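Subject: Structure handover

Hi,

Here is the structure I said I would pass on. Have a look at it first, and then read my notes below.

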Amino acid sequence: MNNFYALAFSLLFFTSIFSQKNKTKIVETSKPFVLGVIDEIQSKELGEKRILNIYLPEGYKGEEATKYPVIYLLDGSADEDFIHISGLVQFNSFEWINQVPKSIVVGIATVDRRRDFTFPTTVENDKTRFPTTGHSDQFIAFIEKELQPFIDKKYKTNESKMIIGQSLGGLLETEILFKKPSLFNKYVIVSPSLWWDNGSLLNSDSEILKENFNQKIEIYIAVGKEGLTPTAIPRVMEVDANLLAEKIKLSKSKNIKLYFDYFPEENHGTILHPAVANSFKFFYPIDKK
């Protein structure tokens, strides 16, 4: 009997030691899962330092000659849209999917989106509710004069530049499209907040509407079943998005390509992910022959 207890004790003892060694080994081999790199840029235009979350495609090597398209993502913080949009880019660039070319994603971390994404408004109530608004001109200058040159100098980029944004981000994209269209050649405009300043942007003119506009630009506009906007004068998100699409369709330039997408099963909070996935099919159609 004593031998039995001695054997049982020995088994328990060695099992405990083995388990502890295994646990120690697991702790020692654990390491962070890295999705991308965090970069910083000091902006004179904005008067502040901005954080950039960068996704680099598989096989990216700075010393090699291969150059990649760049996707600029508004609301690009880690706790906003950077992770899931980078995941979409990675998935669609897998060789067995091959929907999207391997691309660099530049997530612009948010500081004050109401300040950065809106132009001055004539609506007094909005001035009171959102006192920091109306400085999109500075943010656009930051993109043009600082951000794009910084990315092009530091990373292996080609001429393809896409921008993705939703809501106020979509408003900013529309302003860039109308005022500085050459900054990007692919626009993903999702649920744009065109209600801003009583929809004045929808009444603005743009060189993209003229026959002699000669840069090739592809525009994808998406909206869900989103209903009324937060304005004193009632507006409907779906209607405004349609008005934007119809306005662009009037362009006399043969270099403007537009696709409008409606998601009746999605709302303002859920639309971005499926819309971006669909936009890739528009920008990079696969020949199924």
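Before anything else, a word on "contact": it means heavy atoms within 4.5 Å. Helices are DSSP runs of H or I with at least four residues (strands are E, at least two), numbered from the N terminus.

Keep in mind that this is a predicted model, so local features need pLDDT of at least 70 and side-chain atom pairs count only at pLDDT 80 or more, while totals for chains, interfaces and linings use all residues. Residues are numbered from 1 along each chain as its sequence is written, and side-chain values use heavy atoms, with hydrogens and water left out.

Let's start with α6 and helix α8 (residues 237-249). Thr 174, Leu 177 and Phe 178 of α6 touch Leu 244, Lys 247 and Ile 248 of α8. By type, the residues of this contact are four nonpolar, one polar and one charged. (Nonpolar covers Ala, Val, Leu, Ile, Met, Phe, Trp, Tyr, Cys and Pro; charged covers Asp, Glu, Lys and Arg; the others, Gly among them, are polar.) The two axes come within 13 Å and cross at roughly 15 degrees. Axes here are lines fitted to C-alpha atoms, for helices over the stretch in contact, and angles run from 0 to 180 degrees between N-to-C directions. So α6 and α8 are roughly parallel; that label is for angles under 35 degrees, with over 145 roughly antiparallel, 65 to 115 roughly perpendicular and the rest oblique. Their crossing is left-handed, meaning the near helix is turned anticlockwise from the far one by less than a right angle (clockwise would be right-handed).

How do the axes of α5 and α6 cross? Helix α5 (residues 136-154) and helix α6 (residues 168-179) cross at roughly 70 degrees, and their axes come within 11 Å. That makes α5 roughly perpendicular to α6. This crossing is right-handed. On the α5 side the contact uses Ser 136, Phe 139, Ile 140 and Ile 143, and on the α6 side Leu 172, Glu 175 and Ile 176. Those residues are five nonpolar, one polar and one charged.

Then there is helix α2 (residues 82-93), which packs with helix α9 (residues 272-283) at about 30 degrees, their axes 10 Å apart. That makes α2 roughly parallel to α9. The crossing of α2 and α9 is right-handed. Among the residues that meet are His 84 and Leu 88 in α2 and Val 276 and Phe 280 in α9.

Enjoy exploring!
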